[in-house]
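Here is a short tour for anyone meeting this structure for the first time. Have a look at the model, then read on.

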Amino acid sequence: MYGKIKDHLAAELKNIKEAGLFKNERIIKSPQGAEIALTTGQEVLNFCANNYLGLSNHPRLVKAAKDTLDSHGFGMSSVRFICGCQDIHKTLEAKIAEFFGTEDTILYAACFDANGGVFEPILTEEDAIISDSLNHASIIDGVRLCKAQRFRFKNADMGDLEEQLKKASETARFKIIVTDGVFSMDGNVAPMDKINELAKKYDAMIMIDECHSAGVVGKTGRGVTELFDIRGEVDIITGTLGKAFGGGIGGFTTGKKEIIEMLRQKSRPYLFSNSLIPAAVGAGIEMFNMMEETTELQDKLHWNSEYFITKMKEAGFDIKPSKSAICAVMLYDAKLSQDMATKLLDEGIYVIGFYYPVVPKGEARIRVQLSAGHNKEHLDKAIAAFTKVGKELRVIK
Ligand SMILES: *Cc1c(COP(=O)(O)O)cnc(C)c1O
């Protein structure tokens with residue numbers, strides 16, 4: 001009986017709207033890319049996709065997906081361990097392990113599932129998870145689903161991490177430090193060199209979520225383990241095929257052989273959810289082939305990020321320190337972030353203003369995401385629009 005709860009939900013929704021926190025979706029009618037068309041008729045430059053390498057509509061990936069539809073069909077109608085594993089699933093898993101310099105890989109429908117299913121199979125109440133306070137929602141959910149003791153350290157704060165490791169050492173059998181590689185709202189990179197030292201000192205494993213760093217950071221895009229020269233030293237890496245790596249769908253956990261083997265036996269989102277569709281797998285394989293051939297896309301992305309951030313700072317904007325393809329333009333005021341994003345859309349620049357609870361109170365911002373799909377003209381247009389609107393709204397002089 002859908003009775004009283006209807007009114008209750010309607011009232012809650014009204015509250016969300018009145019608080020100005022209701023999420024409206026802008027509707028795109030073109031493929032994803034640097035230049036997109038909206039259903040309003042506007043043609044705008046996109047600066048808020050996770051399309052870091054500009055691969056979301058790359059002809060080679062589109063063709064690979066089509067070819068795989070022809071060779072391997074549309075769906076698997078099964079989880080992996082019953083009858084949902086094709087040769088291409090094994091090929092993609094091997095390619096991911098090769099890319100990260102790890103021992104083995106397990107695929108999931110999404111990284112949300114990879115993170116949701118990574119802790120519970122390997123840790124119990126005897127063990128401890130020491131997690132960065134800004135870790136992604138899916139890590140938080142994964143930790144909740146596991147009985148291990150929980151410790152939290154302040155974002156990238158190595159003093160606090162050491163404190164928590166000391167505390168955890170008093171009671172825990174096994175310990176694992178868990179961190180995002182790049183934190184998506186600020187663009188800062190986890191200090192993996194120091195985390196690695198502390199992990200050794202306190203005999204803890206390391207898990208990194210590379211969703212915003214894989215394909216992006218490091219000279220060849222191998223992620224934060226490349227940036228800090230600790231390839232092969234990290235126990236667990238999770239990542240997505242839904243951001244830099246083509247923007248489609250799919251997640252993975254890659255790392256130590258026994259851990260991956262145990263996940264195949266016990267990880268619930270793997271055991272009880274459908275196998276990744278062949279077209280996504282085929283496109284994934286082609287994407288890793290492209291990564292092996294050249295670092296052209298990384299070179300372009302790194303140049304674009306450096307150029308944009310430098311120019312925005314020169315224009316007078318307050319930019320969070322970033323070593324990634326994320327540029328957080330700090331505005332501090334929630335309404336200002338919304339007004340600025342609206343005015344920028346009128347100037348043909350599609351960006352989104354973020355405010356509490358997505359970011360801490362009083363830290364509203366516009367997050368710009370750079371892409372190898374942007375050319376210099378796109379960047380200059382965005383910088384000019386930011387400067388114009390920034391002056392109008394007295395964000396800069
Ligand atoms: C996007 C993201 C995820 C979820 O990835 P999906 O494959 O889209 O489910 C997990 N962790 C982090 C840090 C992310 O940014």
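## Around the ligand

Start with the ligand, which is surrounded by Ala-110, Cys-111, Phe-112, Asn-115, His-136, Ser-138, Asp-180, Asp-209, Cys-211, His-212, Thr-240 and Lys-243. To make that list, a residue needs a heavy atom within 4 Å of the molecule.

Some of these residues come with polar contacts, that is, pairs of N or O atoms within 3.5 Å (inside the protein, one must be able to donate a hydrogen and the other to accept it, and residues adjacent in sequence count only through side-chain atoms on both sides). The side chain of Lys-243 puts an N or O atom 2.5 Å from a ligand oxygen. Asp-209 has a polar side-chain atom 2.6 Å from a ligand nitrogen. Phe-112 uses its backbone instead: a polar atom there sits 2.9 Å from an oxygen atom of the ligand.

## What you are looking at

This is a predicted model, where local features need pLDDT of at least 70 and side-chain atom pairs count only at pLDDT 80 or more, while totals for chains, interfaces and linings use all residues. Residues are numbered from 1 along each chain as its sequence is written, and side-chain values use heavy atoms, with hydrogens and water left out.

The chain splits into domain 1 (20-49 + 295-392) and domain 2 (59-293), with bounds from an automatic or database domain assignment. Domain 1 brings 20 residues to the contact and domain 2 brings 17, counting heavy atoms within 4.5 Å. The C-alpha centres of the two domains are 27 Å apart. Together the domains bury about 1400 Å², with 57% of it on carbon and sulfur atoms; this is the accessible area (1.4 Å probe) lost on being put together, summed over both parts.

Two salt bridges cross between domain 1 and domain 2, each a side-chain nitrogen of Lys or Arg within 4 Å of a carboxyl oxygen of Asp or Glu. Asp-186 and Lys-320 form a salt bridge at 3.6 Å, N to O. Eight residue pairs, both at pLDDT 80 or more, are in polar contact across the interface of domain 1 and domain 2. On the side of domain 1 that touches domain 2, helix H13 (296-314), strand S10 (326-332) and strand S13 (364-369) each supply at least two residues. H13 gives the largest share, five residues. Helices (H or I, at least four residues) and strands (E, at least two) are DSSP runs, numbered from the N terminus.

Most peptide bonds are trans. The one from Tyr-356 to Pro-357 is cis, with omega near 10°. Pro-357 is in the loop between strand S12 (352-354) and S13.

Methods. Buried area = accessible area lost by both parts, 1.4 Å probe.
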